[in-house]
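Thanks for coming. I will go through one structure this morning, starting with a ligand and then moving on to the chains.

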2 protein chains.
Amino acid sequence: MLSSKSLRNKVLTIDTMNPNVKNVEYAVRGPIVQRAVQIEKELREGMKKPFTEVIKANIGDAHAMGQQPITFFRQVLALCSYPELLKDNMFPEDAKSRARRILQACGGSSLGAYSASQGIDCVRQDVARYIERRDGGVPCDPDNVYLTSGASDGIVTMLKLLVCGEGASKTGVMISIPQYPLYSAALAELGAVQVNYYLNEEKCWSMDLSELERSLAEARKHCNPKVLCIINPGNPTGQVQSRQCIEDVIRFAAKEHLFLMADEVYQDNVYAEGCQFHSFKKVLFELGPQYSNTVELVSFHSTSKCYMGECGFRGGYMEVINMDPEVKAQLIKLVSVRLCPAVPGQALMDMVVNSPQPGEPSYTTFMKERTATLSLLAEKAKLTEEMLNTVPGITCNPVQGAMYSFPNISLPQKAIKEAKALGQAPDMFYCMKMLEETGICLVPGSGFGQKDGTYHFRMTILPPTDKLKLLLAKVKEFHQKFTRQYS
Amino acid sequence: MLSSKSLRNKVLTIDTMNPNVKNVEYAVRGPIVQRAVQIEKELREGMKKPFTEVIKANIGDAHAMGQQPITFFRQVLALCSYPELLKDNMFPEDAKSRARRILQACGGSSLGAYSASQGIDCVRQDVARYIERRDGGVPCDPDNVYLTSGASDGIVTMLKLLVCGEGASKTGVMISIPQYPLYSAALAELGAVQVNYYLNEEKCWSMDLSELERSLAEARKHCNPKVLCIINPGNPTGQVQSRQCIEDVIRFAAKEHLFLMADEVYQDNVYAEGCQFHSFKKVLFELGPQYSNTVELVSFHSTSKCYMGECGFRGGYMEVINMDPEVKAQLIKLVSVRLCPAVPGQALMDMVVNSPQPGEPSYTTFMKERTATLSLLAEKAKLTEEMLNTVPGITCNPVQGAMYSFPNISLPQKAIKEAKALGQAPDMFYCMKMLEETGICLVPGSGFGQKDGTYHFRMTILPPTDKLKLLLAKVKEFHQKFTRQYS
Ligand SMILES: Cc1ncc(COP(=O)(O)O)c(C=O)c1O
Ligand SMILES: Cc1ncc(COP(=O)(O)O)c(C=O)c1O
């Protein structure tokens, strides 16, 4: 017999579920995107709309926007997947030798074997050599490199290690506002305290030491701030931090006894003149042993961004510096529970850090493809900034790097009132209206956090140039119409 | 200036880290395996040992043990990775059409695009049709199917949703002992209460209703048991539960208001005569609407096991039944945070549930490969059981399914004492000695849990037949020597 209780109630309900999960928000795939998917379906079913297609500029998903994969990478992946192809003449020798090297490092020479939980040894060695080249010879120990399922996985894993305590001793994690919402989501899930520091929009979204100090002092009143997260180049804000700024941040972390998490997934995405990517690790070592022997740092990279855009493979790595050896053992145990990151993603990461070299048969094509992709992104970054700044009421910082612009939009009081009456953030109201009227899918600034009373949206620069121009023209038209309508 | 504090202490130490992570144990990749890796290195460096190679029977990693991948799967994966190959004549038409179908469902027709967080639509539809065929027509809604990064990911995600509360209202999760240690590890990480119920070794590791009742009553004294996990076919115990037993468990869950988690990753791995795989879902629906409309169930599957053995791709799915719609929305939000499961793994899952059909060019080869793999596993299951049962002091239940035997070993008192003096579990002491003396790598029963005062080890049946015979002969010899030595 069933008890009457089980007929009435489910075991798992919104009231009985994990409350931390309930607190999670994730704007990049939130209500706007869900509505966009619905609208696409309505269009397919023949519903009449003032537009014929949805243009998505809500997520940094390069291939979905038409960017082509790097030929060499895909050749090696095909060879690894179906090694019979190694017998064929259709593939260049360097692709074959990369595939052989990866397969030799796999159990049973198969991508289908679990790898070591930390990642395939030879891939971690290649990552270490890549980091050394990138950082002008600063040494990297492969033992400090952990392969991950995308950077997301690494970030969540590190936060999981770091977060503990209750009440006033609960771990606080400092994150930039605006932020990439993975951070706030992971912190909510872990029940940690999110400590906001604001990027300086007036100074092109740079980091201010005084703001870090304010934020930390504030946080110390009610939690135990232990971690400082930085995204550079920035998402959603597209800035590239200066060397001086990074130096300041490292000194600040050392002084204030903070663990540094540097999200450097956009390290190749630097477009603006005078800007350059400086890795936290390199600057840390340049500051001398007083810092390089003490400051704890983890840096994240991914196959999803840069010129690769291979998001679906979920490849990534993290490098930890100055991590306590006992904690490293705990980290290895923790990653063992899920056995290993997907091996095709590890193979892809290997090609990224061990790409074709001068003299190898694939070198010319590889470089041509890589350069073309990065130049196109640089063009679109410029185009986006320029076009947006022609719209009265929209102000856009230069898109120095990454794949996003995060323009400031001024919204009429009447619109703000109407949004609030609907229980919506004003920029959510704005973006939702834009979606319904133009088919353009952006993410409201409120999904990333912003200074109270300011409004933004995030758009990627990824659509093909033609579509991007169309999109920007439509945004302009919409913004003007919206402003008129609510003035 | 650095504060003296930061010179002295690290931010992240064994004392300041997340204590839940510290409590995690994971035997399948624990100290024995770490030592095995070290010994392999020592052998390569020329160190003399009483053996020339390490034989690993510690993890269900089929390809690493020489099992060959299914040709068709790998052809489709190669085609998806490098679509240029679609132009070639070397691939069969059915492989090409599967690849085209998957690519069409990917953003920008690329495996490199993020998919929907719940998984690619058409793959979820194919999974739903597979489940319907498997379960004799019981309907499956693709909206209830979530693709995952291996079953591990799905299991952890579901537990994360379910676990909450503090003190006496903390969620209790019932797991079988012996268990697959992912469960205890995930529960430790989430800070949930692990509630043990013992499988009946005398009755071939079946589930006893009275033991479930005992365990639940016990647990209710100190926590809030909400979830009942079952692994069928079993890991590490290799049993296949009868239809009657599954029915009993479902009635028990209904009566006691428990959420059911059915780990069915070994659903094709059934070898023993008279045994058959019964999915929890099918039995649930056969019990009638009183059950099928109320009991909350989630079932997990994976590309890692069965005849595929494609562990490295981290493919998997879960199907949820009777889940509260509000909770489903929360689940979708939760999986969105990590963006999506690796797309090659999703593609592979699609081929598993949409394999070549009679009349298609790849059908014959596919069936030949599939049957050969499963028959070989059945042979090795029999061989393992029989050989182990010839050893005095070792008693082994039939390996009815899955990929493991979990024999009972009797250890001399002297050995138990010596182990305890070293602070080791007696079967850990035994397995470590076996590794050092024979090069055979097994996992001690204590890593999975066992009745107090009983000792076991787990070994996979995966090594190639020759090696398996050698391994079993060495185990026999070692056990006899060990028994003599400590008697
Ligand atoms: C700043 C930042 N970090 C991490 C990620 C996660 O990327 P993935 O998990 O695909 O590597 C993203 C993705 O957009 C990102 O923008
Ligand atoms: C019972 C059981 N469940 C889940 C898993 C996890 O497998 P995967 O994450 O590779 O799908 C395993 C792996 O051995 C297992 O034995």
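Let me begin with ligand 2, which has 16 residues around it, the closest being B:Ser152, B:Asn235, B:Asp263, B:Tyr266 and B:Ser302. A residue is near a molecule here if one of its heavy atoms lies within 4 Å of it. Ligand 2 lies between chains A and B.

Before going on, a word on the source: this is a predicted model, in which local features need pLDDT of at least 70 and side-chain atom pairs count only at pLDDT 80 or more, while totals for chains, interfaces and linings use all residues. Residues are numbered from 1 along each chain as its sequence is written, chains are lettered from A and ligands numbered from 1 in the order in which they are written, and side-chain values use heavy atoms, with hydrogens and water left out.

Back to the ligand. By class, its shell holds 8 nonpolar, 5 polar and 3 charged residues. Nonpolar covers Ala, Val, Leu, Ile, Met, Phe, Trp, Tyr, Cys and Pro; charged covers Asp, Glu, Lys and Arg; the others, Gly among them, are polar. The most is given by helix H7 of chain B, residues 150–162, with 3 residues. Helices (H or I, at least four residues) and strands (E, at least two) are DSSP runs, numbered from the N terminus.

Which side chains come to 2.6 Å from an oxygen atom of ligand 2 with an N or O atom? B:Tyr266 is one of them, and B:Ser304 is another. A polar side-chain atom of B:Asn235 also lies 2.6 Å from an oxygen atom of the ligand. The protein covers 99% of the 400 Å² of accessible area that ligand 2 has on its own (Shrake-Rupley method, 1.4 Å probe).

Last, helix H8 of chain A, residues 182–190. Is it buried or exposed? 8 of its 9 residues are buried, so the helix is largely enclosed by the rest of the structure; buried means under 20% relative accessible area (1.4 Å probe, protein chains only). Among the buried residues are A:Tyr183 and A:Glu189. Just after H8(A), A:Gly191 takes a positive phi of about 70°.

Technical notes: A polar contact is a pair of N or O atoms within 3.5 Å; within protein, one must be able to donate a hydrogen and the other to accept it, and residues adjacent in sequence count only if both atoms are side-chain atoms. Buried means under 20% relative accessible area, exposed over 50%, partly exposed in between (1.4 Å probe, protein chains only).
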